[in-house]
Amino acid sequence: MKKILINFAHPAKSRSSVNKALRNAVVGLEGVTVNDLYQTYPDFMIDVEREKKLCEEHDVIIFQHPLYWYSTPSIVKEWFDLVLEHDWAYGSKGTALEGKLFFQVISTGADGDSYQKEGFNEFTLTELSAPFRATAKLCKLVWLPPFAITGVHGGLPSAEILRHGENYQRTIIALRDERVDIEQAKRLELLNIDLNQLIGSE
Ligand SMILES: Cc1cc2nc3c(=O)[nH]c(=O)nc-3n(C[C@H](O)[C@H](O)[C@H](O)COP(=O)(O)O)c2cc1C
């Protein structure tokens, strides 16, 4: 069984609809740790040793966050700047993260069609996750495409939010139980584009 770390980053959790629902769908699952960055570090004073230990203890490292300015809420950047130390995460002696799976769970205000070359935002979410992908490569992590929920500003019906939560839970459990074909997952545009294709028999 793989151990899964979800680094959750939402600066206004009480006003969240999607990220709160997704988080509720996975919190308490066996083998899953939800690490709430804004709750733990309201002053941004990240405990680097604690974060490194958490990474070392898990096999899958996820960052779950709303898309902010085509990127992440700022504490995620702070986390990267402080935690990914030379000779720990990268460099000739930096092998702490080698082989662990790594991906983002992203919600967006704008709808999915706008995140296309021909759409308003011109870049796909997978393209926008390029700094994560490059970081993963440097740190010898295995990068997977983002799990994305789009169009939140349009007001997602509660049944749809519930369905996304169920899909998230299904994905997390399948990763934990090693039922995901990782080579196939790497090639997907988004991790949750077709869960039946991603996840083998349950
Ligand atoms: C500071 C800020 C920046 C944002 N930037 C983007 C953005 O670049 N693209 C986008 O589609 N939505 C953007 N949004 C909208 C959020 O992504 C959206 O409100 C969030 O995904 C909804 O999830 P929640 O219900 O969990 O809060 C932004 C929101 C805020 C507050």
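Which of the 17 residues around the ligand come nearest? I started my notebook with that, and I found His10, Ser16, Ser17, Ser107 and Tyr115. Here a residue counts as near a molecule or strand if one of its heavy atoms lies within 4 Å of it.

Before going on, I noted that this is a predicted model, where local features need pLDDT of at least 70, side-chain atom pairs count only at pLDDT 80 or more, and totals for chains, interfaces and linings use all residues. Residues are numbered from 1 along each chain as its sequence is written, and side-chain values use heavy atoms, with hydrogens and water left out.

**Ligand**

I looked up polar contacts next (pairs of N or O atoms within 3.5 Å; within protein, one must be able to donate a hydrogen and the other to accept it, and residues adjacent in sequence count only if both atoms are side-chain atoms). A polar backbone atom of Ser17 sits 2.7 Å from an oxygen atom of the ligand. For Tyr70, I read 2.8 Å between a polar backbone atom and a ligand oxygen. Trp69 has a backbone N or O atom 2.8 Å from a nitrogen atom of the ligand. On its own the ligand has 640 Å² of accessible area, and the protein covers 77% of that. Such areas come from the Shrake-Rupley method with a 1.4 Å probe, and for residues only the protein chains shown count as cover.

**Ser16**

I found Ser16 in the loop between β1 (4-8) and α1 (18-26). Helices (H or I, at least four residues) and strands (E, at least two) are DSSP runs, numbered from the N terminus. Ser16 is buried, at 7% relative accessibility. My cut-offs are under 20% relative accessible area for buried, over 50% for exposed, and partly exposed in between (1.4 Å probe, protein chains only). A polar atom of the Ser16 side chain lies 2.9 Å from the backbone nitrogen of Lys20, and for the backbone nitrogen of Asn19 the distance is 3.2 Å.

**Aromatic rings**

How many aromatic pairs does a search of the whole structure find? I got 11. Rings of Phe, Tyr and Trp (its six-membered ring) pair if their centres lie within 6.5 Å; planes under 30 degrees apart are stacked, over 60 edge-to-face, and the rest tilted.

Phe102 and Phe132 are stacked, because their planes are at 20° with centres 5.7 Å apart. This pair links distant parts of the chain, with Phe102 in strand β4 and Phe132 in helix α6 (residues 130-138), 30 residues apart. Both Phe102 and Phe132 are buried. I also saw them in one aromatic cluster with Phe63, Trp79 and Phe80.

**Salt bridges**

I counted 12 salt bridges (a side-chain nitrogen of Lys or Arg within 4 Å of a carboxyl oxygen of Asp or Glu). Arg50 pairs with Glu51, with the closest N and O atoms 2.7 Å apart. Arg50 is partly exposed at 33%, but Glu51 is buried at 0%. Lys53 bridges to Glu57 at 2.8 Å between the closest N and O atoms. Lys53 and Glu57 share helix α3 (residues 48-57), four residues apart, about one turn of the helix.
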